[in-house]
Amino acid sequence: MKFKSGFVTIIGRPNVGKSTLMNQIIGEKIAIMSDKPQTTRNRIQTIYTEDHFQIIFLDTPGMHKPKNKLGEYMQKTAQQTLNEVDLILLVIDDTADMGPGDQYILEMLKNVKTPIFLVVNKMDRIPPEKFEKIYEMYTKENIFRELVAISALESKNVEKLVGKIVEFLPEGPQYFPKDMITDQPEKVIVSEIIREKILHYLHEEVPHGVAVEVMSMKNRQDKDIVDISATIYCEKKSHKGIIIGKGGRKLKGIGKSAREDIERLLGSKVFLELWVKIKEDWRDHENILNTLGYKL
(Lines give C-alpha, C1' and ligand atoms only; values in the text may rest on other atoms or scores of the structure.)
Protein backbone atom coordinates (compact mmCIF):
# COMPACT_ATOMS: atom_id res chain seq x y z
CA MET A 1 0.00 0.00 0.00
CA LYS A 2 1.42 3.38 -1.02
CA PHE A 3 1.81 6.06 1.65
CA LYS A 4 -0.58 9.02 1.49
CA SER A 5 -0.17 12.40 3.12
CA GLY A 6 -1.69 15.86 2.96
CA PHE A 7 -2.87 19.02 4.63
CA VAL A 8 -6.45 19.48 5.81
CA THR A 9 -7.96 22.68 7.17
CA ILE A 10 -10.97 22.75 9.47
CA ILE A 11 -13.15 25.85 9.08
CA GLY A 12 -16.57 27.04 10.20
CA ARG A 13 -18.42 29.55 12.30
CA PRO A 14 -17.26 30.01 15.89
CA ASN A 15 -18.29 27.35 18.39
CA VAL A 16 -19.37 24.57 16.01
CA GLY A 17 -16.90 22.05 17.44
CA LYS A 18 -13.83 22.35 15.20
CA SER A 19 -11.31 22.03 18.02
CA THR A 20 -13.28 19.20 19.64
CA LEU A 21 -13.18 17.28 16.36
CA MET A 22 -9.45 17.76 15.92
CA ASN A 23 -8.69 16.73 19.50
CA GLN A 24 -10.85 13.63 19.07
CA ILE A 25 -8.95 12.57 15.96
CA ILE A 26 -5.50 13.27 17.39
CA GLY A 27 -6.34 11.79 20.79
CA GLU A 28 -4.49 14.56 22.64
CA LYS A 29 -5.50 17.95 23.96
CA ILE A 30 -3.84 20.39 21.55
CA ALA A 31 -6.55 22.82 20.49
CA ILE A 32 -8.37 24.44 23.40
CA MET A 33 -12.09 23.91 23.81
CA SER A 34 -14.64 26.26 25.31
CA ASP A 35 -18.33 27.03 25.14
CA LYS A 36 -17.48 30.62 24.16
CA PRO A 37 -16.88 31.71 20.54
CA GLN A 38 -13.48 32.76 19.20
CA THR A 39 -11.53 30.28 21.29
CA THR A 40 -8.89 29.47 18.67
CA ARG A 41 -6.64 32.41 17.78
CA ASN A 42 -3.68 30.70 16.16
CA ARG A 43 -3.59 28.25 13.29
CA ILE A 44 -2.55 25.21 15.30
CA GLN A 45 -0.95 22.44 13.24
CA THR A 46 -1.57 18.91 14.49
CA ILE A 47 -0.41 15.65 12.99
CA TYR A 48 -2.20 12.31 12.80
CA THR A 49 -0.04 9.43 11.55
CA GLU A 50 -0.84 5.77 10.88
CA ASP A 51 1.13 3.09 9.00
CA HIS A 52 -0.13 4.14 5.55
CA PHE A 53 -1.02 7.82 5.91
CA GLN A 54 -0.29 11.14 7.63
CA ILE A 55 -2.83 13.95 7.96
CA ILE A 56 -1.65 17.42 8.96
CA PHE A 57 -4.60 19.39 10.36
CA LEU A 58 -4.79 23.17 10.48
CA ASP A 59 -7.33 24.35 13.06
CA THR A 60 -8.23 27.91 12.10
CA PRO A 61 -10.05 30.69 13.98
CA GLY A 62 -13.83 30.68 13.51
CA MET A 63 -14.80 32.82 10.54
CA HIS A 64 -16.54 36.07 11.37
CA LYS A 65 -16.59 39.76 10.47
CA PRO A 66 -13.55 41.36 12.19
CA LYS A 67 -14.10 44.04 14.85
CA ASN A 68 -10.48 44.85 15.72
CA LYS A 69 -6.90 44.12 14.62
CA LEU A 70 -6.91 40.79 16.43
CA GLY A 71 -10.11 39.90 14.57
CA GLU A 72 -8.48 40.92 11.27
CA TYR A 73 -5.50 38.69 12.04
CA MET A 74 -7.77 35.76 12.90
CA GLN A 75 -9.79 36.20 9.71
CA LYS A 76 -6.69 36.54 7.52
CA THR A 77 -5.25 33.39 9.08
CA ALA A 78 -8.42 31.42 8.30
CA GLN A 79 -8.67 32.64 4.69
CA GLN A 80 -5.03 32.01 3.82
CA THR A 81 -5.29 28.30 4.49
CA LEU A 82 -8.07 27.66 1.99
CA ASN A 83 -5.89 27.50 -1.13
CA GLU A 84 -2.82 26.06 0.63
CA VAL A 85 -4.29 22.68 1.58
CA ASP A 86 -5.39 19.41 -0.04
CA LEU A 87 -8.82 19.31 1.58
CA ILE A 88 -11.19 21.65 3.44
CA LEU A 89 -13.59 20.46 6.16
CA LEU A 90 -16.47 22.89 6.65
CA VAL A 91 -17.93 22.08 10.06
CA ILE A 92 -21.49 23.14 10.85
CA ASP A 93 -23.63 22.19 13.82
CA ASP A 94 -27.29 21.43 14.54
CA THR A 95 -28.43 24.97 13.77
CA ALA A 96 -30.80 24.39 10.84
CA ASP A 97 -31.20 28.01 9.76
CA MET A 98 -28.47 29.37 7.50
CA GLY A 99 -27.52 32.81 8.84
CA PRO A 100 -25.33 35.63 7.48
CA GLY A 101 -22.20 33.98 8.93
CA ASP A 102 -22.90 30.76 7.02
CA GLN A 103 -23.60 32.66 3.80
CA TYR A 104 -20.34 34.59 4.22
CA ILE A 105 -18.33 31.35 4.44
CA LEU A 106 -20.16 29.68 1.55
CA GLU A 107 -19.56 32.66 -0.75
CA MET A 108 -15.88 32.53 0.12
CA LEU A 109 -15.73 28.79 -0.61
CA LYS A 110 -17.26 29.21 -4.08
CA ASN A 111 -13.99 30.82 -5.21
CA VAL A 112 -11.83 28.00 -3.86
CA LYS A 113 -10.53 25.12 -6.00
CA THR A 114 -9.64 22.87 -3.04
CA PRO A 115 -12.04 19.90 -2.49
CA ILE A 116 -14.50 20.53 0.36
CA PHE A 117 -16.27 18.15 2.75
CA LEU A 118 -19.35 19.25 4.69
CA VAL A 119 -19.14 17.89 8.25
CA VAL A 120 -22.40 18.13 10.19
CA ASN A 121 -21.43 18.01 13.87
CA LYS A 122 -23.61 17.27 16.91
CA MET A 123 -25.61 14.65 14.96
CA ASP A 124 -26.82 13.20 18.26
CA ARG A 125 -28.91 16.37 18.72
CA ILE A 126 -30.40 16.46 15.20
CA PRO A 127 -33.79 14.81 14.52
CA PRO A 128 -34.21 13.30 11.00
CA GLU A 129 -36.45 16.09 9.64
CA LYS A 130 -33.98 18.76 10.76
CA PHE A 131 -31.06 16.87 9.23
CA GLU A 132 -32.95 16.62 5.94
CA LYS A 133 -33.46 20.40 5.96
CA ILE A 134 -29.74 21.00 6.60
CA TYR A 135 -28.83 18.49 3.87
CA GLU A 136 -31.06 20.20 1.29
CA MET A 137 -29.82 23.71 2.14
CA TYR A 138 -26.16 22.85 1.74
CA THR A 139 -26.19 20.31 -1.10
CA LYS A 140 -27.92 22.78 -3.43
CA GLU A 141 -24.77 24.92 -3.19
CA ASN A 142 -23.09 22.18 -5.26
CA ILE A 143 -19.60 22.73 -3.80
CA PHE A 144 -19.20 19.67 -1.52
CA ARG A 145 -17.52 16.39 -2.50
CA GLU A 146 -18.78 14.56 0.61
CA LEU A 147 -21.25 15.07 3.46
CA VAL A 148 -20.48 13.32 6.74
CA ALA A 149 -22.58 13.57 9.91
CA ILE A 150 -20.63 13.17 13.17
CA SER A 151 -20.67 13.81 16.88
CA ALA A 152 -17.17 15.01 17.75
CA LEU A 153 -17.89 14.95 21.48
CA GLU A 154 -19.23 11.38 21.38
CA SER A 155 -16.69 10.30 18.72
CA LYS A 156 -19.51 9.02 16.49
CA ASN A 157 -18.56 8.60 12.80
CA VAL A 158 -15.18 10.28 13.41
CA GLU A 159 -13.34 7.17 12.11
CA LYS A 160 -15.60 7.20 9.05
CA LEU A 161 -14.67 10.83 8.42
CA VAL A 162 -10.95 10.03 8.73
CA GLY A 163 -11.39 7.21 6.19
CA LYS A 164 -13.05 9.60 3.72
CA ILE A 165 -10.21 12.11 4.24
CA VAL A 166 -7.55 9.47 3.54
CA GLU A 167 -9.33 8.52 0.29
CA PHE A 168 -8.88 12.10 -0.93
CA LEU A 169 -5.24 12.49 0.11
CA PRO A 170 -2.55 12.32 -2.58
CA GLU A 171 0.40 9.95 -2.39
CA GLY A 172 3.16 11.71 -0.53
CA PRO A 173 5.93 11.57 2.05
CA GLN A 174 5.73 11.36 5.82
CA TYR A 175 6.38 15.02 6.62
CA PHE A 176 6.74 14.58 10.39
CA PRO A 177 8.02 11.83 12.71
CA LYS A 178 5.36 9.25 13.63
CA ASP A 179 5.27 10.23 17.32
CA MET A 180 4.95 13.97 16.65
CA ILE A 181 1.43 15.37 17.20
CA THR A 182 1.99 19.13 16.81
CA ASP A 183 4.52 21.58 15.40
CA GLN A 184 3.70 24.11 18.12
CA PRO A 185 6.28 24.86 20.84
CA GLU A 186 5.34 23.67 24.33
CA LYS A 187 5.07 27.30 25.47
CA VAL A 188 2.30 27.95 22.95
CA ILE A 189 0.31 24.89 24.01
CA VAL A 190 0.75 25.77 27.70
CA SER A 191 -0.45 29.35 27.14
CA GLU A 192 -3.48 28.01 25.24
CA ILE A 193 -4.35 25.63 28.08
CA ILE A 194 -4.21 28.51 30.59
CA ARG A 195 -6.42 30.65 28.34
CA GLU A 196 -8.91 27.80 28.02
CA LYS A 197 -9.26 27.68 31.81
CA ILE A 198 -9.83 31.44 31.94
CA LEU A 199 -12.63 31.00 29.38
CA HIS A 200 -14.19 28.27 31.52
CA TYR A 201 -13.95 30.16 34.80
CA LEU A 202 -15.15 33.59 33.65
CA HIS A 203 -18.66 34.19 32.37
CA GLU A 204 -18.46 37.93 31.68
CA GLU A 205 -17.07 39.61 28.54
CA VAL A 206 -13.58 39.55 30.04
CA PRO A 207 -12.36 36.38 28.22
CA HIS A 208 -12.45 38.09 24.82
CA GLY A 209 -9.96 40.65 26.11
CA VAL A 210 -7.57 38.13 27.65
CA ALA A 211 -4.23 36.89 26.35
CA VAL A 212 -1.62 34.65 28.00
CA GLU A 213 2.14 34.83 27.59
CA VAL A 214 4.39 32.13 29.08
CA MET A 215 7.37 34.05 30.41
CA SER A 216 9.51 31.06 31.38
CA MET A 217 9.53 27.25 31.49
CA LYS A 218 12.39 25.55 33.31
CA ASN A 219 13.06 22.00 34.48
CA ARG A 220 14.35 21.81 38.05
CA GLN A 221 17.69 20.07 38.32
CA ASP A 222 17.50 16.53 39.74
CA LYS A 223 13.71 16.82 40.13
CA ASP A 224 10.82 15.87 37.87
CA ILE A 225 9.25 19.34 38.19
CA VAL A 226 8.74 22.04 35.57
CA ASP A 227 8.54 25.63 36.85
CA ILE A 228 6.27 27.77 34.66
CA SER A 229 5.65 31.50 34.98
CA ALA A 230 2.88 33.02 32.87
CA THR A 231 1.28 36.46 32.56
CA ILE A 232 -2.42 36.97 31.89
CA TYR A 233 -3.08 40.24 30.06
CA CYS A 234 -6.44 41.97 30.30
CA GLU A 235 -7.70 45.34 29.04
CA LYS A 236 -9.18 46.99 32.14
CA LYS A 237 -8.55 47.33 35.86
CA SER A 238 -12.03 45.95 36.57
CA HIS A 239 -11.19 42.90 34.45
CA LYS A 240 -8.09 42.25 36.52
CA GLY A 241 -10.20 42.12 39.67
CA ILE A 242 -12.62 39.67 38.08
CA ILE A 243 -9.82 37.36 36.92
CA ILE A 244 -8.17 37.34 40.35
CA GLY A 245 -11.49 37.04 42.20
CA LYS A 246 -12.28 37.55 45.87
CA GLY A 247 -9.29 36.51 47.95
CA GLY A 248 -7.56 35.32 44.77
CA ARG A 249 -9.99 32.40 44.48
CA LYS A 250 -10.67 32.66 40.73
CA LEU A 251 -6.99 32.84 39.83
CA LYS A 252 -6.22 29.89 42.11
CA GLY A 253 -8.97 27.86 40.41
CA ILE A 254 -7.66 28.77 36.96
CA GLY A 255 -4.13 27.85 38.01
CA LYS A 256 -5.09 24.51 39.58
CA SER A 257 -7.17 23.43 36.59
CA ALA A 258 -4.49 24.53 34.09
CA ARG A 259 -1.72 22.83 36.06
CA GLU A 260 -3.52 19.46 35.94
CA ASP A 261 -3.83 19.61 32.13
CA ILE A 262 -0.26 20.84 31.69
CA GLU A 263 1.05 17.97 33.85
CA ARG A 264 -0.78 15.49 31.60
CA LEU A 265 0.69 17.18 28.53
CA LEU A 266 4.28 17.29 29.81
CA GLY A 267 4.21 14.04 31.77
CA SER A 268 5.77 15.64 34.86
CA LYS A 269 4.88 17.69 37.95
CA VAL A 270 4.34 21.40 37.34
CA PHE A 271 4.72 24.45 39.57
CA LEU A 272 2.62 27.14 37.87
CA GLU A 273 2.87 30.81 38.78
CA LEU A 274 0.28 33.18 37.26
CA TRP A 275 0.39 36.98 37.12
CA VAL A 276 -2.32 39.36 35.89
CA LYS A 277 -1.38 42.59 34.11
CA ILE A 278 -3.37 45.32 32.38
CA LYS A 279 -2.63 46.22 28.74
CA GLU A 280 -5.36 48.60 27.64
CA ASP A 281 -6.89 47.85 24.22
CA TRP A 282 -4.15 45.32 23.42
CA ARG A 283 -6.29 43.75 20.70
CA ASP A 284 -5.88 46.90 18.59
CA HIS A 285 -2.12 47.38 19.13
CA GLU A 286 -0.05 45.73 16.42
CA ASN A 287 3.20 45.63 18.43
CA ILE A 288 1.48 43.93 21.40
CA LEU A 289 -0.23 41.42 19.08
CA ASN A 290 3.13 40.61 17.47
CA THR A 291 4.71 40.10 20.91
CA LEU A 292 1.94 37.63 21.79
CA GLY A 293 2.51 35.69 18.57
CA TYR A 294 -0.28 37.12 16.42
CA LYS A 295 1.79 38.20 13.41
CA LEU A 296 -0.22 40.67 11.34
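Is Gly-209 buried or exposed? Gly-209 is buried, with a relative accessible area of 1%. The model is predicted. The chain holds nine helices and nine strands.

**Whole chain**
- The chain has 296 residues, and 53% of them count as buried.
- Its accessible surface comes to about 14,700 Å². Carbon and sulfur atoms account for 47% of that surface.
- Take the contacts between residues at least 6 apart in sequence: 72% of them join residues at least 24 apart.

**Helix 6 against helix 8**
- Two packed helices are described by the angle between their axes and the distance between the axes.
- Helix 6 spans residues 186-201, and helix 8 spans residues 249-266. Their axes come within 9 Å and cross at roughly 140°.
- The crossing of helix 6 past helix 8 is right-handed.
- Helix 6 contributes Glu-186, Ile-189, Val-190, Ile-193, Ile-194, Glu-196, Lys-197, Ile-198 and Tyr-201 to the contact.
- Helix 8 contributes Lys-250, Gly-253, Ile-254, Ser-257, Ala-258, Asp-261, Ile-262, Leu-265 and Leu-266.
- By type, the residues of this contact divide into eleven nonpolar, two polar and five charged.

**Positive phi in loops**
- Most residues other than glycine have a negative phi.
- Asn-142 is not a glycine, yet it has a positive phi of about 55°. Asn-142 lies in the loop between helix 4 (128-139) and strand 6 (146-149). Asn-142 is exposed, with a relative accessible area of 70%.
- Ser-155 is not a glycine either, and its phi is positive at about 60°. Ser-155 sits in the loop between strand 6 and helix 5 (158-168). Ser-155 is partly exposed, at a relative accessible area of 37%.

**Around Gly-209**
- Gly-209 is found in the loop between helix 6 and strand 7 (211-219).
- Gly-209 counts as buried because its relative accessible area of 1% is under the 20% cut-off.
- Which residues is Gly-209 in contact with, leaving aside its neighbours within four places in sequence? They are Tyr-233, Cys-234, Glu-235, Trp-282 and Arg-283.
- Gly-209 and Trp-282 are 73 residues apart along the chain, and their C-alpha atoms are separated by 7.9 Å.

Note on methods
Residues are numbered from 1 along each chain as its sequence is written. This is a predicted model: local features need pLDDT of at least 70, side-chain atom pairs count only at pLDDT 80 or more; totals for chains, interfaces and linings use all residues. Side-chain values use heavy atoms; hydrogens and water are left out. Axes are lines fitted to C-alpha atoms, for helices over the stretch in contact, and angles run from 0 to 180 degrees between N-to-C directions. Helices (H or I, at least four residues) and strands (E, at least two) are DSSP runs, numbered from the N terminus. A crossing is left-handed if the near helix is turned anticlockwise from the far one by less than a right angle, and right-handed if clockwise. Contact means heavy atoms within 4.5 Å. Ala, Val, Leu, Ile, Met, Phe, Trp, Tyr, Cys and Pro count as nonpolar, Asp, Glu, Lys and Arg as charged, and the others, Gly among them, as polar. Buried means under 20% relative accessible area, exposed over 50%, partly exposed in between (1.4 Å probe, protein chains only). Accessible areas come from the Shrake-Rupley method with a 1.4 Å probe; for residues, only the protein chains shown count as cover.
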